[in-house]
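Here is a short tour of one protein chain, going from model confidence to overall form and then to the packing inside. Keep the 3D view open as you read.

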Amino acid sequence: MARWHSCNVLHVGQETRQVWQFDASKDDFVLDREQTIPAGAPLPDHLIGKSWRSLWQRKLNIAWLPSERVFLRVLHLPVSDFAETLAIVDLQLEKISPLPVAQIVWSVQVLPQVVDKLQTVVVVIVARSLVEEFLGQLEGQGYLADRLEVPLLDQLLATPISGDGAWIYLGGTGGKTTGLVAWWYGGALRNLGLVHLPAGERRGDVLKEQLAQMTWAGELEGWLTSPPRWFLVVNDATAADWQPIFSQWPDQSLEIVAPLSPPELAALTAKRSAESKPETNLIPVEFPKRYHQQFVDRLWMRGLVAVGAVYMVGVAIYFGALTVLNYRYDKVAKEVAGLGRSYTNSINLKLRYEVLKDRQDLKFAALNCWKVTAELLPEDVSLASLDLKSGRTLTLTGTAPADKFELVTGFYEALRKTAVNNLPMFDKEKSVTPTTRQNPDGKTLTWSFNCELARAEEK
């Protein structure tokens, strides 16, 4: 079972549908779950559906065909390989098929018994129209079957055979009873026959008549060498219903054989299907091809939907983040707008403060200039004008006796060295030395010099 991961077996009844899901083990299938679904309800997709996981965990979907609409034939062929056996059966189809070969699908099951170097082959024949109709019904329920199987075949293979006789497998639905009669003689399965029984008291007579016809046919073919022993493969309730009918037949013995339960039968079907070759599939080849293409298309569509969903999630995250950032930006912009007026007011206040401070500094500078000039001006030197230009250049003009020029230069040097609060008041490098001019009277001279305020230079 290595190539399969799980297997589903579907039984479609008139009122309910039964799904058994098996997990593949090394040599067998183990029942994982079973579920009964009403006829009108959808089948659970998580059980029967295939997804991306099916690419590496392969799932086998099997459906049981209605046994009463299947034809079973028995052939005894020389022992050969499977391909040659198929070819021989293909040549025998026109002889054994109840329908035209072009209108059937068929499969084979090779039994393990070999008698007189002949292998026993059970040929399963189903009308193609019936298979297509059944597959259409399954497709309508969302179940894409990989194989169609006949559960009665697994019941037949699982029944213990003890000598010669006829094993009757009774079943049916809707008040009608159908049965499969398996004739085992000489250690080999000789014949398989279907019986259809009406409801009511005549069912016993009809069964007796059909079994008698099969007995005569076996005698004519030569494999029925002794009166048959009858084995009824039914559950206890059905056995209690049919035992009185068989007791009315003279010189007839009946043994009851318990059948397999439906889960056990489904497990055998899963195992046999998993081991079967693809050539034994009853499904026409065009159906698996179409199912595979639908599976691939569905995977592509789901992939595209997933990519689209991821893209939409990404777009939603982008717009969500954009909305948050816009909200934060608007909030900060409002805060900036709220602070703008106070910021402007602060700037204006700062500028006004600087203007007032400059005015105050100039005022103090002018007063300092006036003070030091008054303190340092020699007695014989007179001051004509004191001008503080642009708040930085102090220009002094005055007169002095013609022979007292050294007093002017002393006054100039004293001003240059003047300090206020331990800081030089004037810039010594930029001060202009005194210039003099002889007045017309010849006794006095006019002097003038500039001193650059150190404060003004620093600013």
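In this predicted model, confidence among the elements is lowest in helix α10 (residues 454–458), with a mean pLDDT of 56, and highest in strand β7 (residues 118–127), where the mean is 94. For the protein chain as a whole the mean pLDDT is 88, and 98% of its residues reach 70 or more.

Now step back to the whole chain, which has 10 helices and 19 strands. The radius of gyration is 59 Å, whereas a compact globule of 459 residues would have one near 23 Å. The C-alpha trace spans about 185 × 45 × 35 Å along its principal axes. Of contacts between residues at least 6 apart in sequence, 62% join residues at least 24 apart.

| Property of the protein chain | Value |
|---|---|
| Residues that count as buried | 37% of 459 residues |
| Accessible surface | about 26,400 Å² |
| Share of that surface from carbon and sulfur atoms | 56% |

Which residues have the most contacts inside the largest nonpolar core? They are V126, L135, L138, L148, L189 and L192, in a core of 44 residues. Helix α3 (residues 128–140) supplies the largest share of this core, five residues. A second, separate core has 22 residues, including Y185, V195, L211 and W249.

Leaving aside residues up to four places away in sequence, V126 touches L65, R69, V70, Q103, I104, V105, V131 and L282.

Technical notes: Residues numbered from 1 in each chain as written. Predicted model: local features only at pLDDT ≥ 70, side-chain atom pairs only at ≥ 80, totals over all residues. Heavy atoms only, no water. pLDDT = per-residue confidence, 0-100. Helix = DSSP H or I, 4+ residues; strand = E, 2+ residues; numbered from the N terminus. Core = buried A, V, L, I, M, F, W, Y, C linked by side-chain atoms within 4.5 Å. Buried < 20%, exposed > 50% of the residue type's maximum accessible area, 1.4 Å probe, protein only. Contact = heavy atoms within 4.5 Å. Rg over C-alpha atoms; globule rule 2.2 N^0.38 Å. Areas by Shrake-Rupley, 256 points an atom, 1.4 Å probe, with all protein chains shown as cover.
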